Structure formats: C-alpha cells, structure tokens
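The following exercises concern one protein structure. Please examine the sequence and the model before reading each solution.

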Amino acid sequence: MPIIVGCGSQSTRETTELCREAMSSGGDYALVLPPSYYKAMYKSDSLVEFFEEVADASPIPLLIYNYPGAVAGIDMDSDVITKLAKHPNIVGCKLTCGNTGKLGRIASAVDAVTPSDEGSGFMCMGGSADFTLQTLVVGGSGIIGGLGNIAPKACVKVIELYTAGKMEEAKKLQAVVARGDWAAISGGIVGTKSALETFYGYGGFARKPLPRPSKEESARYASGFKELVELEKSIA
C-alpha cells in the first residue's frame with residue numbers, strides 16, 4: 001500500500017527537507033500544502049515557483065494539496081494546478097476545496113487516472129468522501145478522505161458500484177456516505193476520534209489544544225455517524 005506523507009511547511013527549504021525525511025522513513029508520495037503565513041507578500045507566480053522548486057528537489061513525487069481552510073484561504077485555481085501537473089515529479093492533487101467544477105477541468109486537461117482508465121497517470125483526487133461519486137462522474141481518480149477511518153468499505157463500495165455501472169445504487173450509497181461525512185466535517189477530528197472510540201473501541205482523544213468531548217457531545221457525534229457505521233458493518 002502506498003504511503004502518502006504530509007510535507008507542507010512555510011518555506012521551500014523546509015518543505016524539501018520534509019520530503020527527504022519522508023522518503024528515508026519509507027514514504028512513497030509527499031502531500032504538500034501551499035505555504036500561507038506571508039501570503040499577502042506573494043506575487044502571482046510565487047506558488048508556482050514554490051511547487052516547481054520543491055518538486056525539482058524532492059526525491060519522491062508530489063501531490064498538491066488544495067485546502068483553503070488550512071492555509072488562510074489560499075485556493076489554487078485549475079489553471080495553476082494544470083500548469084504544475086506538467087512537472088514530471090508532480091503526479092497528483094487532492095482538492096479539499098470541494099470544487100467539482102475545478103476538479104473536472106483539471107481531470108480533463110491532464111487526462112487523469114480513473115478507476116477504468118490509466119490515462120496519463122496523474123491522480124486528480126477529491127478531498128472528501130461526500131463528493132466521491134461527483135468526483136468520478138467528472139473524470140476524477142477517486143478520493144483521499146478522512147471518512148475512510150470510520151467507513152472504509154462504504155467509501156470503496158461507492159467507487160465499485162460506479163465502476164460497475166450501477167449508478168442508482170451508487171447514488172443511494174453516496175447519500176448515506178455524505179450524511180456520515182457531514183458528521184465528520186462538522187465534528188472535525190474531535191468528532192471523528194470520538195466516533196472511533198464509540199463504535200470501534202479505539203481512537204483516543206485529539207491532541208491539545210483541541211478539547212475532549214463531553215458525554216453529551218460524544219453522544220451527538222455517535223448519532224451523526226450511526227447510519228453510516230451500520231451500513232459499514234453490513235458490507236461483507
């Protein structure tokens with residue numbers, strides 16, 4: 001199983017160092033967020049230069065991580081990501097922005113991998129399980145989503161049903177996955193780890209300064225995930 005290592009940092013040098021450490025630790029890919037601390041000082045091509053320079057120096061391939069909520073609102077557009085996709089050491093992207101129009105434009109421009117076609121080899125991934133089916137319909141490769149920690153079989157089943165041409169079944173399953181993913185999105189890592197503890201007996205608590213959930217909050221998180229977990233346990 002390929003290992004993707006988060007290597008984002010606030011400078012080109014440190015990000016490159018993290019990529020090297022990722023390789024030496026057994027990582028196969030580096031998932032890199034754009035640096036954002038000094039975003040007000042960036043020029044129009046600053047992020048392109050950042051990713052190209054990191055890709056030039058990294059010993060493992062890069063996946064561009066577009067997650068505006070984690071980087072002070074930086075939202076890389078389809079033109080920028082398509083341009084970066086031409087670099088031989090940039091092999092994919094994860095779009096947690098949720099913009100399926102953007103995802104479709106990139107997937108088409110780069111001839112992305114799909115479940116049934118290897119295409120160019122570039123992986124155009126959705127960043128959340130609540131739009132798995134939408135990602136596939138517009139030509140994306142799949143998803144990298146945190147919900148796989150709660151319901152991996154359900155997430156995979158959506159893709160399998162779509163690939164088999166069973167669209168109505170895929171749509172019904174996607175609706176359950178999306179409802180469960182809203183519990184993960186609204187509760188964040190605190191809610192997700194709480195649900196892992198409730199349903200599977202492991203997960204623990206999120207690291208400080210994130211708070212520990214109260215009994216009432218844990219019950220609310222469990223209620224949000226209940227339908228999806230029941231589905232997950234029903235899948236052979």
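**Exercise 1.** Which residue in β5 is the bridge partner of L95?

*Solution.* The model is predicted, so local features require pLDDT of at least 70, side-chain atom pairs count only at pLDDT 80 or more, and totals for chains, interfaces and linings use all residues. Residues are numbered from 1 along each chain as its sequence is written, and side-chain values use heavy atoms, with hydrogens and water left out. Strands are DSSP runs of E with at least two residues, and helices are runs of H or I with at least four, numbered from the N terminus. Two strands pair if DSSP finds at least two bridges between them. Strand β4 (residues 90-95) pairs with β5 (residues 123-126) in the parallel sense over 4 bridges. The partner of L95 is G126.

**Exercise 2.** State the order of the strands in the open sheet.

*Solution.* The 6 strands run β1-β2-β3-β4-β5-β6, with parallel pairing. At the edges lie β1 (4-6) and β6 (142-143), each of which pairs on one side only.

**Exercise 3.** Identify the residues that I106 touches.

*Solution.* Contact means heavy atoms within 4.5 Å. Residues up to four places away in sequence are not counted. I106 then touches S78, I81, T82, C93, L95, F122 and C124.
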